[in-house]
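Let's take a walk through this one together. Have a look at the fold before reading on.

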Amino acid sequence: LDAIWKNISEAVGVLLVYFGKILFLGGSFDSAVFNAAFTVILACIAYVLSKTSAKAKSDVGDELHPAHYPEFGCSLLAKRL
């Protein structure tokens, strides 16, 4: 994920240089260029967020583990038969 954060910082840098060109060098604003740079930033951030949420361990396996419920010593279906 470090390489992705590097790409995010580079994309933000490109956007800042673009705004610097517009403000200080008299360039004209082009919405297509801005949208392209901003889309790259959002795509990288979405990728990072999808990878960090996938690392979270689910608690469902712990809840379904039979050793956590000692009061159920035998199967519930065996009592009905």
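I45 is partly exposed, at 34% relative accessibility. That label covers the range between buried (under 20% relative accessible area) and exposed (over 50%), with a 1.4 Å probe and protein chains only. Now look across to N7: its C-alpha atom is 9.8 Å from that of I45, although the two residues are 38 apart along the chain.

A word on ground rules: this is a predicted model, where local features need pLDDT of at least 70, side-chain atom pairs count only at pLDDT 80 or more, and totals for chains, interfaces and linings use all residues. Residues are numbered from 1 along each chain as its sequence is written, and side-chain values use heavy atoms, leaving out hydrogens and water.

Over in helix α1 (residues 2-24), K6 and E10 are four residues apart, so about one helical turn separates them. Their side chains form a salt bridge, 3.4 Å from N to O. The rule asks for a side-chain nitrogen of Lys or Arg within 4 Å of a carboxyl oxygen of Asp or Glu, and the count by this rule is one. E10 itself is partly exposed, at 41% relative accessibility.

Finally, follow the chain to L25, in the loop between α1 and α2. L25 is exposed, with 71% relative accessibility.

Conventions:
Helix = DSSP H or I, 4+ residues; strand = E, 2+ residues; numbered from the N terminus.
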